[in-house]
Structures are given as C-alpha cells and as structure tokens.
Amino acid sequence: MTKSTHDRLLIIDFGSQVTQLIARRLRELNVYCEVHPFQNVTEKFIINFEPKAIIFSGGPASVIDKDSPRPPKAAFDFGVPILGICYGQQVMMEMLGGKVERGHGTAEFGRAYVTSSAQNLDLIENWFENDREQVWMSHGDHVSQIAPGFEVYGTSPNAPFAIIADTDRRFYAVQFHPEVHHTPSGAKLYENFVRVAGFSGDWTMGAYREQAIDTIRKEVGDKKVICGLSGGVDSSVTAVLVHEAIGDQLTCVFVDHGLLRKNEASEVVRMFRENYHMPLINAQEEELFLGALEGQSDPETKRKIIGGLFIDVFQKYADQIEGAEFLAQGTLYPDVIESVSFSGGPSVTIKSHHNVGGLPGKMGLKLVEPLRDLFKDEVRALGHELGLPDSFIGRHPFPGPGLAIRCPGEITRQKLDILREADAVFIDQIQRYRLYDDIWQAFVVILPVRTVGVMGDGRTYDFACVLRAVTSVDGMTADYYPFSHEFLGETATRIINEVQGINRVTYDITSKPPGTIEWE
C-alpha cells in the first residue's frame, strides 16, 4: 500500500513476543498503526512517517547492557505523545536521565496488582477500579529512579514506578503489559492514550476499501493481474477487491489439485462465477498433483512437491494471459511483521509455509498485496464491506497443501476419499450444534494405521481418524475446543456408521504450543 492518509501511530518494536497485540488493540480503536523494528527507525524514518504518537514496545534485552536496543533520540524531540511499555519504560528512563537496575528481588513475572497514587492522569482516567487494577508483569530489571519531569501515578509491590508520566511533554510509561489478555482493562489504557494524542478514529474498512482500490489502479495501470484463488477468506477478499478496482484485467486461477474438501471446488467456482462474474480459470490438475505425490510420505517432501507444482501450474496459465505482469495474493500484516527478524538472525523452520511464496520471483511477476496492512479480523470486516457472503467470510482457515497435510504417511485416493467423507460429517455435526463460529479451525486427520474393530458379527480392519478443533485469535497460539462427551460420542458414531473405511475415532486435545494446529 502507499502511505496512509489516516492519522498514523508508530510502534517501535524492541523484540517483545506480544508486540502484535499492541497493534491489534489500536486497530480495534480504529487507529492506523504500523510496527517497525527499532533498528529500522531513524530520525529520517520518523520524519517521513509523520506519526501522531509513538509507542515503545517491551523486549527481552536489558537497557543496562552495552549496545542494548534504543530508539533514536529524535523520537523524544518530535513533539508527539509517547507511551513506553515494560522495556519501553526502562529505555525511556535510561535515555531521559533516570536509572534502571537489575532485579535484586524486584523482578515480577505474571499477575500483579497496581495501586493508584491518587493523582489524576489522563492516561488512566476511569481505569482503576477501587484504586487497584490487575495487570500482567514480565520484567527482571526495574526503574530505580525516574527521569526529571516525571511523576508516579501507580505502584505495584515490586514496581514502585509502575505508572509514570511527564504530562508537560505527554510522555507516559508503564512497567506492565496492557496489551495482553491478563491485563483485563488494558484496552481502556490504550483508548485513553489515543484520545490524549488526538486520534480521530478514522481507520475504517470503508475508508480502507477506497484507498486500496485507488492504490491498485495506480499500481497496475492497464496491465493484467492473475490471482491464485483458494476459496479461503484471504484470497477471496483479495480477488473481489482487485476485481472491483480493475475489472476484467484480473483473471483468477482456481487450482483443483485433488486435495480439497468435499464439494469445495464446485462451491468456490460457482460462487465467483455467479456472483462476481470475474474471469476465472478452473484448473483441473488432480492427476498432476496426485501422480507426483504417489509413494511420498515425508511431510516436508510433500509440501515442497505441492509448492513446486503450484508454481508450474500458475506459470502455465499466466503464459496464456497476454500482458499478465502482476500476481495478487492475500498476504496479511502478521506475515509482514513476522518476515522481519528482530535480531537479524536465522530462525528455526518448524515447517514450510502453506503459501507458495516463491511464485513472484520465479515467474517474473510483480506483487499486488492489498491486504498486507490488515489483521485477519480486519480482512473479515473488509469482506463484509465488499458484500462477500457470511458463509465465505466466516470459513475456517484451509491450508494450501489441503488434505495432504491431514493425511500423514503416503497419500492415496482411497484415503483422501475416506478423509473427505469423515471431515464432512464432523463439520456437519459442528454446524448442527451451532458451534462453527466458536471454533477457529476444525478438521479430521486420517492416520496411517489400521485397527481391529467389530461391526455386527464381523471383524473389521480399517483406518483410525483424529478429530481436531481449536480456539484461537490469530493462529499463533491455540487450545483445543472443549466439546461435550455427548457431542464426541455422537460424532464418532456417525463417522463409523456413515464413512466406510473408518472404525476408530479419537480427539486431539493438544494445545499450540507444544503442538501445531495441523498435523503435518
């Protein structure tokens, strides 16, 4: 996207695991914000960004250590409100004339209670309940002396400077994390901060829609765009938004790789052809994908085969579209944030990403990413703004490799057919019980083992399957959904009776971490 015309808030990231949550809290208040690693934020950057306010995030470093992370001194001279959180508070004090010391019995980790100092402060207006508020602490170092101009407005047993402020310069700092769930009234603190900073709350999906369409038109001009359409909410919203901007200059390619859920291909193709009348290629490539996957059981090998074939298929159809110079894809803001390593070092690959990220470079296409400023919930809101049906906006996430990663071991057509039928029963049960919207993602995994069973008077030797359903906000962490025994028993009975090939049903109650949501 081009530079936003909205009021802008800059979040300088010092490496906290929950910095994304700060951005989410602000977006919920209709405030446009961006997260940038501290090493990328220079005086020139701040001048060009033109923030109306700045937030310093938490982080794992110690300000006492040599070469610890710092914001540019220009941040304090820009004349806008600043809020420092945890490490952000400590770095403010260190740079403005206060003192920070190591733990020595003052570390706090977990739930704590902050008590009001009985002084009025706009940041905490209507925030304290009975002069005491629960917060979440996570600090080893502590501020031992506040900088000149600051006063104390809240304390905790191990943080005598839990809330401090220099009201003349509108500098605020807290030792706790108001962005996390364990600070129940943390959202109110952010609401007060953006009110103090004078934000108008003009970040709406209606305004974003207009801005995005204008940007796409300027970026693409009279060239052609192709879009990989999976039927998930991200690619669907991307396709409809780009089509609204440039009409028939867009061609969507829906790849049926034989690894889709029951009736999925026909539902997606029908919705887009009947409702949006956009050029759509329904690429029937089941033989290509399943043929290449035959005999393969290693999960990373399967992912790489599928990713490579996606590139080949898109290349084949892109070559048929004269003037195709752009690829539209549904990259979201969490993907953008996570793609920038805070430390600059390598990170462990848990598994290859579901997306086919190698497409643009290998195909020589330029990217159009109209959702790269949005979180998942904002994408759904934009989908409503664009008129997408609730059945698509509220769909559970579905991975690019499809059922391949829900079929551990070798993939066969028989196992895929069994898996589709079992998955359809499970989702039908969830919808019958009106639980679909309470669950982030639900699916069935078919295991690479057979088990002995008894049906009627006969012996069976069929596959076992696993039900998986999780709750989550953004997929980064997740917990299993607490189905009743009645639901699980009824669902198991239906799958065994209605799906030939399965005689045993289990339920996965592993959280993420230590597990992942998908099995491969």
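The model is predicted, so local features need pLDDT of at least 70 and side-chain atom pairs count only at pLDDT 80 or more, while totals for chains, interfaces and linings use all residues. Residues are numbered from 1 along each chain as its sequence is written, and side-chain values use heavy atoms, with hydrogens and water left out.

In soluble globular proteins, nonpolar side chains tend to be buried together. A nonpolar core is a set of buried Ala, Val, Leu, Ile, Met, Phe, Trp, Tyr and Cys residues joined through side-chain atoms within 4.5 Å. Here, buried means under 20% relative accessible area, exposed over 50%, and partly exposed in between (1.4 Å probe, protein chains only). The largest nonpolar core has 52 residues, and Phe426, Ile430, Phe483 and Ile495 have the most contacts inside it. Apart from it lies another core, of 43 residues, including Leu260, Phe272, Tyr276 and Leu280.

Next come the strands, which are DSSP runs of E with at least two residues, numbered from the N terminus, just as helices are runs of H or I with at least four. Look at strand β11 (residues 171-174): Phe171 and Ala173 point one way, Tyr172 and Val174 the other way, and all are buried. Two strands pair if DSSP finds at least two bridges between them. Strand β4 (residues 82-85) runs parallel to β11, joined to it by 4 bridges, and leucine 83 stands opposite tyrosine 172. Strand β10 (residues 159-166) also pairs with β11 over 4 bridges, but in the antiparallel sense; here aspartate 166 stands opposite phenylalanine 171. β10 and β11 form a hairpin with 4 residues between them, and in the turn arginine 170 has a positive phi of about 60°.

Now for a pair of helices. The axes of α6 (residues 205-220) and α13 (residues 376-386) come within 9 Å and cross at roughly 80°. The two helices are therefore roughly perpendicular to each other, a label for angles of 65 to 115 degrees. Their contact (heavy atoms within 4.5 Å) is made by residues including Met205 and Tyr208 of α6 and Ala381 and Leu382 of α13.

Finally, find aspartate 77 in helix α3 (residues 74-77). Is aspartate 77 buried or exposed? Its relative accessibility is 64%, so aspartate 77 counts as exposed. Its C-alpha atom is separated by 9.9 Å from that of glutamate 43, 34 residues apart along the chain.

Conventions: Axes fitted to C-alpha atoms, helices over the stretch in contact; angles between N-to-C directions. Parallel < 35°, antiparallel > 145°, perpendicular 65-115°, else oblique.
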